[in-house]
Amino acid sequence: MTATAHSEATTAEAFDDAATAVEKHPAAHVTLSPGPGDHDHHPSSPHDPARPDLSFPFQTTDTEQAGFTDEYRVASKTGYITADLALRPVPSHIHKLPAVLADPEKAIHLKQVKLVTWYEDDPEDPRNWNNTYKWYITFVCALSVVSIAFATAIIAGDFGGVMKEFEVSEVVVALSVSLMIIGFGIGPLILAPLSELHGRRPFWVAPFLVYILFNIPCALAKNIGTLLVSRFLCGLFGSGPFALAGGAIADIWDNNERGFAVALFAAAPYGGPVLGPIVGGFIGETIGWRWIFWVNMIFAGVVALMCATIPETYAPAILLKRAKRLRAETGDPNITTEQELFRKSLREIVIETAVRPFQMIATEPILTLMSMYASLIYGLLYAFFFSFPIVFSEGYGYNDGITGLMFCSVLIGVGLALFVTPRLEKDYLRRAKAKGGHADPEDRLIGMMIGCWFIPIAMFIFGWTSPPAVKPGGGNWVGPCSAGIPFGFGMVVLYFSANAYIIDAFPGYVASALAAKIVIRSGLGAATPLFITAMFHNLGNGWAASVWAFISLALIPIPFCFYRYGKWIRSKSKRAA
């Protein structure tokens, strides 16, 4: 059936589709059992409308006026559903009718508005693409995050070369890492809303190419200022994968089938930086620190070519294009999408992306504490990049290449976590089934309650098996090196669980909640490299690592407290589910 034929379906059919396609379950839960309103016309769909839709254009749709809709996820026979039956309140424990539905005149007009949806078994729906192709896209998304994260830490492989050439202190050179991380924090605040308005595909390629180009002044820098400014710009333009990859994975895998795909994405921001010192150490040792940037540029170029093969996956962008085409073909001005009909003004978008995340940090204890916990782990990862050279280069006398190899233990821990995180997802679904089809956001915290113990254990091992507590020599290097295994494991499992909890706790404000987390994470990640070397030199390896271990121990009660009292805390929030 052609698109024109679809568009000429009767209004009665559209209402039937709306009645079966649009579901109105409580947003705070995940529903597994079928019930009235389920997609009986498409029973094989794994989509669960009660869970947050990460493909919804949160930052550019006026949800105060329109509320939410399942338009971008449901499939209908006619290819559209009427807006009056599609729109629903923003997921929150406070039931507030969208303004457009509360106004009788506007609500009557909505009966004529047709929100474009997918057809049944729609070949343009990214969720219906071949599984092999979807895994390829998932791999490229994860690899793009790895390549950018890799770039932040690759310079750590030869700090000495940069310090010697520019005659600056290690703290100044550490800024080359910190400034790139700051760029990572700012970039997504700009790219995320732009990708909602124009689709993801343009921003996979254009910012990445600019990022590649700014590696050139890094490699050719004649002074430290040029290097530092270029590294910041690399972070700013290279942040595209951080803004796009998670959403692209959510676009192609529905929310009940993306367990391992999300696990790969969760590991990528942490696995990438670990690879940096391994590669950078040998490059700096053999052909000099400038070649670190040339090699990084080559790697980024290969990844950019792969990113260029990613098609448009963003449902609102695809359906908007279809709506414009159908309007032109049929002459029906009522064919549209919710985002097009209720698009925010530029001022509102700026407030959503630049103001609301900070408001939520100040007013939402769940978001603040969970973000701080995840950010601490992120900061500790970069602390390792500066403490490993102190232990293995200064303590054991290893060269930069061998010191870089010590990070392989962290990779082993990350690899082990990849086997556990999909099982955590299965356990979450099992808990939902055991509760009659509903799981609370707090059921996401099981991973945190498991992973939180591994972080202090790793830090105690690292500190008290390093010189001078354990004399260098023989196989004693295994002690501090092995600390990377529990750290890598706990880091990924904890982050995976914390991220999922934030998403499920704030289903109506996912974009702002994740932006707030990125801001906190980037701030702590950028600050850590500036003082970690002095900390280890002044306190000694054992006590410096122990300070971090004790901080980690102090944070352990957080997931346990939220597991018990999280539901009550959410009930006091205006934005939480």
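Ile182 lies in helix 9, where helices are DSSP runs of H or I of at least four residues and strands are DSSP runs of E of at least two, both numbered from the N terminus. Ile182 is partly exposed, with a relative accessible area of 35%. On that scale, buried means under 20% relative accessible area, exposed means over 50%, and partly exposed is in between, with a 1.4 Å probe and protein chains only. The C-alpha atoms of Ile182 and Leu524 are separated by 9.6 Å, and these two residues are 342 residues apart along the chain.

Some ground rules. This is a predicted model, in which local features need pLDDT of at least 70 and side-chain atom pairs count only at pLDDT 80 or more, while totals for chains, interfaces and linings use all residues. Residues are numbered from 1 along each chain as its sequence is written, and side-chain values use heavy atoms, with hydrogens and water left out.

Next, the cavities. A cavity here is a set of points, on a 1 Å grid over the protein atoms alone, where a 1.4 Å probe fits but cannot get out; lining residues have an atom within 4 Å of a point. Grid points are joined across faces, edges and corners, and a volume is the space filled by probe spheres set on the points. By this rule there are six cavities of 30 Å³ or more. The largest cavity has a volume of about 900 Å³. It is lined by 42 residues, and the closest to its centre are Leu54, Gly246, Gly247, Ile503 and Leu514.

Which elements give two or more residues to that lining? They are helix 9 (170-198), helix 13 (240-252), helix 14 (259-286), helix 25 (484-505) and helix 26 (510-539). Helix 26 gives the largest share, seven residues. By class, the lining of the largest cavity has 25 nonpolar, eight polar and nine charged residues. For that tally, Ala, Val, Leu, Ile, Met, Phe, Trp, Tyr, Cys and Pro count as nonpolar, Asp, Glu, Lys and Arg as charged, and the others, Gly among them, as polar.

Three strands form an open sheet in the order 2-3-5, and the pairing is mixed. Strand 2 (80-82) and strand 5 (335-336) stand at the edges with a single partner strand each, so one side of each has no neighbour in the sheet. Two strands pair if DSSP finds at least two bridges between them. Strand 3 (residues 114-116) pairs with strand 5 in the parallel sense, over two bridges. Within this pairing, Lys114 stands opposite Ile335 in strand 5.

Thr82 has its place in strand 2. Is Thr82 buried or exposed? Thr82 is buried, with a relative accessible area of 2%. Its side chain makes a polar contact with the side chain of Asp84, at 3.1 Å. A polar contact is a pair of N or O atoms within 3.5 Å; within protein, one must be able to donate a hydrogen and the other to accept it, and residues adjacent in sequence count only if both atoms are side-chain atoms.

On to aromatic rings. A search of the whole structure finds 35 aromatic pairs. Rings of Phe, Tyr and Trp (its six-membered ring) pair if their centres lie within 6.5 Å; planes under 30 degrees apart count as stacked, over 60 as edge-to-face and the rest as tilted. The rings of Trp129 and Tyr133 have their centres 5.7 Å apart and their planes at 45°, so this pair is tilted. Trp129 is buried at 17% relative accessible area, whereas Tyr133 counts as partly exposed at 33%.

The rings of Phe388 and Phe407 have their centres 4.5 Å apart and their planes at 20°, so that pair is stacked. Phe388 lies in helix 19 (residues 365-395) and Phe407 in the loop between helix 20 (400-405) and helix 21 (408-434), so the pair ties together parts that are 19 residues apart in sequence. Phe388 is buried, with a relative accessible area of 0%, and Phe407 also counts as buried, at 2%.

Last, the backbone. A cis peptide bond joins Pro467 and Pro468, with omega about 5°. Pro468 sits in the loop between helix 23 (454-464) and helix 24 (478-482). Asp121 is not a glycine, yet has a positive phi of about 55°. Asp121 belongs to the loop between strand 4 (118-119) and helix 7 (131-154) and counts as exposed at 59% relative accessibility. Glu167, not a glycine either, has a positive phi of about 55°. Glu167 is found in the loop between helix 8 (159-166) and helix 9, and is exposed, with a relative accessible area of 71%.

Technical notes:
On a 1 Å grid over the protein atoms alone, a cavity is a set of points where a 1.4 Å probe fits but cannot get out, and a pocket is an open set with protein on both sides within 12 Å along at least five of seven lines; lining residues have an atom within 4 Å of a point.
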